[in-house]
Structures are given as structure tokens and as C-alpha cells.
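Here are some exercises to work through with the sequence and the 3D view side by side. Try each task before reading its solution.

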Amino acid sequence: MRHILAILFLLPILTFSQNDLLDEIDSKNESNERVTATFKGLKIVNLESTKLVAKKELTLVVAHRFGSLNNGIDTFFGLDEAVTRINFVYGLTDAINIGISRSSFLKTYQLSAKYRFVQQKENEFPFTIVGFNALLINTGLDKIALPLIEFKHRLGYTTQLLISRKINTNLSLELAPTFFHDNYVAFNDQSNTQVALGLGGRYKLSKRWSINADYGIHLNRADNSPFKNPLSIGFDLETGGHVFQMHFSNAQAMNTNRFLSETTGEWFKNIFFGFNLSRRF
């Protein structure tokens, strides 16, 4: 029931809500009828979008999630407890990207690949379908606290199918069935292999501004797990050469495995402010 209520809460938000990025066309490309600019950022908020970096382009994404706003002035509303992720994404082709990142959350390194199977075409194929895979290395696990830990326990894996549709000039939606596996899980009753469904969307407010939201439904979370489903809402600002994303979320982690499985915050009780800043080279 809580999953259904969360979806009903999210959908109204979604439905209402160097090359210059502003040169990307917000409708179909007349020469080949491919639908472009479904999303302007590589992520919707936390969820991977179906956007890819162009061939031979390098994009740097610097992301911050500050501490809980609810801690007040003691942590300067979370500014003293920031989590940072630096991610480099390179376009091998227009349809194949590779990436490498490091997050201060559990000192996690990630190698990733993102690849487009098919692109939405006007009056032809109705969806863009993209695959995403990642290998994570959790170097934050403490050998002293976990004396039996081995390198294999630090590894995690992610497989996603990203399915998006640009409904009209303003509205884009995405579904993301997700399979992920962690060789070590923080909560003993939780299965190492986990399944989730991501939902996300973008509503264009003006040439430069859009409202974005995404939500993750964990489908096999342990019954007595203390963790929550992640919900994030924010705004994208497009300027010449980069996208600046500002948002609020109940998740502080930014790697897929972590925000889907280990979100601790509750909306209106424990919220994190953050941003993603993308720059093309």
C-alpha cells in the first residue's frame, strides 16, 4: 500500500512538473525524426537518465549531498556534513559511454558503461531504451571492525534498463527496472541480490528551467529493514556548456546501489539538499 501511495504522490509532480546545451532541439530532428533532449542531464536527480555524452566528448559531473537540514545550525543546516562524488564520463561513440567515479560515501569507486539500444522516433518507435551497468568497490569497509572482510566483499554490481519517452515538448518520463547485487550488505536480513523499479520525470518550465523528480521502489527489501525508498525533487538550470541541478532528497548516497538500498531519511523529517554540476569538455 505504501508503494501505491508513493506512486500516486509522485505522478502529479511528474506530470505537472564546447557545444552550447541550449542548442539542443526540444522537438524531433527533422532530418532523421529522432526525438532529442528528452533529458538534459545525465541523471534525472539520482536516477540515471537516457541521455548520453556525444562521441569523443568528456563530461565531468561534480555532485554534493549535504547533511540533513533538520540538524539545524549545529551543522549549518548540513553544510558541515557534505558527501561529494566526482564522475568522469566519456563518449566512445554517440551510443556508448564509459565512466569512472569516486564518492566519499563509503569511499566508493565505480566503473560504468551506458549504451543506447534504440532511440525514440516520431511516428515510429515510441521509446528510448538505454542500458546501464556498473561495478562498485566499497573501500570504506573497516578491516578492524570487520576482520574477516576480503576484497570480494567490497564489490557490488548494477544492471539497469532505462526506458524513457518524451511525451511532448515539456514532459518526459522514465522507467528503470534495476537489478543490483552487493557482496556485503549492512543489514543482515537483507538479500545480497536486490531488485528495484525507478520512476522519474522532467517537466520543462522555460527554455532554461525544468522541474525533475525520481523515486525508487525497492521490491525485495527485508520486512524489518530500517531503510526507506528514495524520493528526490529538484530543478535543472541550463547554461551555456553545463547543467546545474539543485534538489532535495531523503537519500544522501549517489551510487545506484546505495540510494536504492540504504536511504535513511524520511521526507519532512530528514531531508538532504544537494546539487549536480555537469561540464562538457
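Before starting, keep one cut-off in mind: a residue is called buried under 20% relative accessible area, exposed over 50%, and partly exposed in between. Note also that this is a predicted model.

**Exercise 1. Overall make-up**

Task: Work out how many helices and strands the protein has, and in what pattern they follow each other.

Solution: 
- Begin with the count, which comes to 2 helices and 12 strands.
- Next, read along the sequence to get the pattern α-β-β-β-β-β-β-β-β-β-β-β-α-β.
- Then turn to burial: of the 281 residues, 50% are buried.
- Finish with the accessible surface, about 13,300 Å², where carbon and sulfur atoms account for 62%.

**Exercise 2. The largest cavity**

Task: Describe the largest cavity: what is its volume, and how does its lining divide by residue type?

Solution: 
- The volume of the largest cavity is about 230 Å³.
- Its lining has 21 residues, and those nearest the centre are Leu42, Lys43, Glu48, Asn87 and Val89.
- Strands E1 (58-68), E2, E3, E4 (108-118) and E12 (272-280) are the elements that each give two or more residues to this lining.
- Sorted by type, the lining residues are 7 nonpolar, 8 polar and 6 charged.

**Exercise 3. Positive phi values**

Task: Locate Asn123 and Phe268 in the fold, and decide whether each is buried or exposed.

Solution: 
- Start from the background: most residues other than glycine have a negative phi.
- Asn123 has a positive phi, near 65°, and lies in the loop between E4 and strand E5 (128-138).
- Its relative accessibility is 73%, so Asn123 counts as exposed.
- Phe268 also has a positive phi, near 70°, and its place is the loop between helix H2 (256-261) and E12.
- Phe268 has a relative accessible area of 73%, so this residue is exposed.

Methods:
Residues are numbered from 1 along each chain as its sequence is written. This is a predicted model: local features need pLDDT of at least 70, side-chain atom pairs count only at pLDDT 80 or more; totals for chains, interfaces and linings use all residues. Side-chain values use heavy atoms; hydrogens and water are left out. Helices (H or I, at least four residues) and strands (E, at least two) are DSSP runs, numbered from the N terminus. Buried means under 20% relative accessible area, exposed over 50%, partly exposed in between (1.4 Å probe, protein chains only). Accessible areas come from the Shrake-Rupley method with a 1.4 Å probe; for residues, only the protein chains shown count as cover. On a 1 Å grid over the protein atoms alone, a cavity is a set of points where a 1.4 Å probe fits but cannot get out, and a pocket is an open set with protein on both sides within 12 Å along at least five of seven lines; lining residues have an atom within 4 Å of a point. Grid points are joined across faces, edges and corners, and a volume is the space filled by probe spheres set on the points. Ala, Val, Leu, Ile, Met, Phe, Trp, Tyr, Cys and Pro count as nonpolar, Asp, Glu, Lys and Arg as charged, and the others, Gly among them, as polar.
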